Amino acid sequence: MIIAAPLRCFIVLAALGGGLAGCSKTPEELGANVGATPGSPQDFAQNVGDRVFFESDQTDLTPRAEETLNRQAAWLLRYDRGAVTVEGHADERGTREYNFALGARRAENTKQYLVARGVPASRIRTTSYGKERPVAVCNDISCWSQNRRAVTAVGEGQS
């Protein structure tokens, strides 16, 4: 016999003498904005997405990256909190010089996409870290793909 999850939870809690409170989902499980003040850098990172990813040796935005940047643009237009920085990154392969240039192009393409969606260019600064700030370190595609990114950094008091 198959019993639906809420009923199963009720039966188990009733048998143990517990209440129904244990059957409800937490705000985190429901995807609620827990702990992030609307308009804060944490809100941006958690609920909008602060990074987009690129294919190997590419600077073109993927459809998934464009979706994220559309959300970023809407958030940046809603919360005019001053300047933001778009950081370009690359994976560990290639020379230091090549990766700095690649990161710079990724950051610039990301900026231009945001500007095309109405974010004033004067609010957006770009920088490249090349391969100098990896988020994952291993000699494998699973790490390389995480490091090929552009991160939009918003901060309190930035201008």
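Of the 159 residues in the protein, 35% are buried, where buried stands for under 20% relative accessible area, exposed for over 50% and partly exposed for values in between, with a 1.4 Å probe and protein chains only. The model is a predicted one, in which local features need pLDDT of at least 70 and side-chain atom pairs count only at pLDDT 80 or more, whereas totals for chains, interfaces and linings use all residues. Residues are numbered from 1 along each chain as its sequence is written, and side-chain values use heavy atoms, with hydrogens and water left out.

The secondary structure comprises 5 helices and 4 strands, these elements being DSSP runs numbered from the N terminus (helices are H or I with at least four residues, strands E with at least two). Followed along the sequence, the elements give the pattern α-α-β-α-β-α-β-α-β. Contacts, defined by heavy atoms within 4.5 Å, were also examined by their separation in sequence: among those between residues at least 6 apart, 68% join residues at least 24 apart.

The 4 strands form an open sheet of mixed pairing, in the order E1-E4-E2-E3. Strand E1 (51-53) and strand E3 (124-130) stand at the edges, and each has a single partner strand, so one side of each is left without a neighbour in the sheet. On average, and with direction ignored, neighbouring strands of this sheet are turned by 20° against each other; axes are here lines fitted to C-alpha atoms, for helices over the stretch in contact, and angles between N-to-C directions run from 0 to 180 degrees. In general, the strands of a sheet pair through backbone hydrogen bonds, either parallel or antiparallel; for the assignment used here, two strands pair if DSSP finds at least two bridges between them.

Strand E4 (residues 149-154) pairs with E1 in the antiparallel sense over 3 bridges. Within this pairing, Val52 has Ala150 of E4 as its bridge partner, and Phe53 stands opposite Arg149 in E4. E4 is also joined to E2 by 5 bridges, and these two strands run antiparallel, with Val86 standing opposite Thr152 in E4. Strand E4 is mostly covered, as 5 of its 6 residues are buried.

Helix H4 (residues 96-116) lies across E1, strand E2 (84-89), E3 and E4, and runs at about 155° to E3. Ser128 lies in strand E3 and counts as buried because its relative accessibility is 16%. Residues touched by Ser128, not counting those up to four places away in sequence, are Gly88, Asn99, Phe100, Gly103 and Ala104. A polar atom of the Ser128 side chain lies 3.3 Å from the backbone nitrogen of Ala104, and the side chain of Ser128 also reaches the backbone nitrogen of Gly130 at 3.2 Å. A polar contact is a pair of N or O atoms within 3.5 Å; within protein, one must be able to donate a hydrogen and the other to accept it, and residues adjacent in sequence count only if both atoms are side-chain atoms.

The loop between E1 and helix H3 (63-78) contains Asp57. Although Asp57 is not a glycine, it has a positive phi of about 55°, and with a relative accessible area of 47% Asp57 is partly exposed.

The structure holds 2 aromatic pairs. Ring pairs link Phe44, Trp75 and Tyr79 into a cluster.

A search of the whole structure finds 1 disulfide, a term that denotes a pair of cysteine sulfur atoms within 2.5 Å. This disulfide joins Cys138 to Cys143, with an S to S distance of 2.0 Å, and the link is right-handed, with 115° about the S-S bond. Cys138 is partly exposed, with a relative accessible area of 26%, whereas Cys143 counts as buried at 8% relative accessibility.

Note on methods: Phe/Tyr/Trp six-rings, centres within 6.5 Å; stacked < 30°, edge-to-face > 60°.
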